[in-house]
Amino acid sequence: MKVAPSIIAADFTIIKEEIKRVEDAGADLLHLDIMDGVFVPNLTFGPMIVDAINRMTDLTLDTHLMIIKPENYIERFIDAGADWISFHIEATRAPELCIKQIKSHKKKVGLAISPPTPFQNIYKYLEKIDFVLIMTVNPGFYGQKLIPDVLTRIEQLKDFINKKKLSCLIEVDGGININNVQKLDRAGADIVVAGAGVFKSSDYKSAIKGLKCLKD
Ligand code: DX5
Ligand code: ZN
């Protein structure tokens with residue numbers, strides 16, 4: 001299991017130190033939650049901060065766009081240093097264009113899907129993308145509780161991917177911690193995002209180790 005700590009739950013007064021800490025603690029990716037206050041009822045930050053973060057770390061920047069019409073902003077996030085970019089299927093009428101934009105810069109493209117949205121809406125794009133970001137909470141805020149029903153959704157998508165022999169990975173995001181990560185691992189997740197699960201823990205190293213599902 002790969003682990004992507006989400007800086008949304010970090011202490012921004014010492015953000016450089018926070019990033020260094022998760023880097024030293026074994027994070028595989030750094031998850032950046034971009035919220036526009038329209039697609040989700042919360043606001044975070046834009047390309048200017050992504051650019052600053054890019055200059056603070058060599059970690060791969062896993063940029064989760066929770067913004068409407070992502071096609072209007074994707075290029076700016078790529079210029080700022082985003083490496084993996086996921087956008088929400090619910091937020092655009094031009095998913096093909098978004099995929100094309102991201103791929104033309106040789107970045108990893110992910111399609112994010114919220115808990116109420118059926119997978120039928122994304123099946124046809126799976127062979128063109130690198131990963132699906134399955135939301136395990138309703139997007140908008142960190143520190144929420146994982147919705148238990150999502151476990152069967154992960155199994156369902158994993159089955160589909162295996163049957164069709166696709167190479168697309170499954171990233172899961174929201175309410176994940178060392179106590180529930182095994183279930184997600186068994187259901188078929190490849191990458192876990194954790195905000196509070198890492199940054200609100202007292203020991204980032206053991207939190208990340210636990211999230212990787214490593215046995216001692
Ligand atoms: C939710 C975000 C998540 C979330 C992660 O909208 O996409 O990345 O903030 O934080 P936790 O792990 O605390 O739910
Ligand atoms: Zn996220």
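1. In strand 5, lysine 108 is the bridge partner of tryptophan 84. Strand 4 and strand 5 pair in the parallel sense over five bridges; two strands pair if DSSP finds at least two bridges between them. Strands (E, at least two residues) and helices (H or I, at least four) are DSSP runs, numbered from the N terminus. Strand 5 is mostly covered, five of its six residues being buried. Buried means under 20% relative accessible area, exposed over 50%, and partly exposed in between, with a 1.4 Å probe and protein chains only.

2. This is a predicted model, in which local features need pLDDT of at least 70 and side-chain atom pairs count only at pLDDT 80 or more, while totals for chains, interfaces and linings use all residues. Residues are numbered from 1 along each chain as its sequence is written, chains are lettered from A and ligands numbered from 1 in the order in which they are written, and side-chain values use heavy atoms, with hydrogens and water left out.

3. The open sheet has eight strands in the order 1-8-7-6-5-4-3-2, with parallel pairing. Strand 1 (2-5) and strand 2 (29-35) stand at the edges with a single partner strand each, so one side of each is left without a neighbour in the sheet. From one strand to the next the twist averages 25°; axes are lines fitted to C-alpha atoms, for helices over the stretch in contact, and angles run from 0 to 180 degrees between N-to-C directions.

4. Helix 4 (residues 95-104) lies across strand 4 (84-88) and strand 5 (108-113). Its direction is at about 170° to strand 4. Contact here means heavy atoms within 4.5 Å.

5. Strand 2 has seven of its seven residues buried. On one side these are Leu29, His31, Asp33 and Met35, and on the other Leu30, Leu32 and Ile34, so that both faces are covered. Strand 2 pairs with strand 3 in the parallel sense over seven bridges, and aspartate 33 stands opposite histidine 64 in strand 3.

6. For comparison, ideal angles for six octahedral donors are 90 or 180 degrees.

7. Histidine 64 lies in strand 3 (residues 60-66) and is buried, with a relative accessible area of 0%. Its side chain makes a polar contact of 3.2 Å with that of aspartate 33. A polar contact is a pair of N or O atoms within 3.5 Å; within protein, one must be able to donate a hydrogen and the other to accept it, and residues adjacent in sequence count only if both atoms are side-chain atoms. Strand 7 (residues 169-173) and strand 8 (residues 191-194) run parallel and are joined by three bridges. Aspartate 173 has valine 193 as its bridge partner in strand 8.

8. Lysine 106, in the loop between helix 4 and strand 5, has a positive phi of about 60° although it is not a glycine. Lysine 165, in the loop between helix 5 and strand 7, has a positive phi of about 50° and is likewise not a glycine. Most residues other than glycine have a negative phi. Lysine 106 is exposed at 76% relative accessible area, and lysine 165 is exposed at 75%.

9. Glutamine 156 is in helix 5 (residues 150-163) and counts as partly exposed at 39% relative accessibility. Leaving aside neighbours within four places in sequence, glutamine 156 is in contact with Phe119 and Tyr123.
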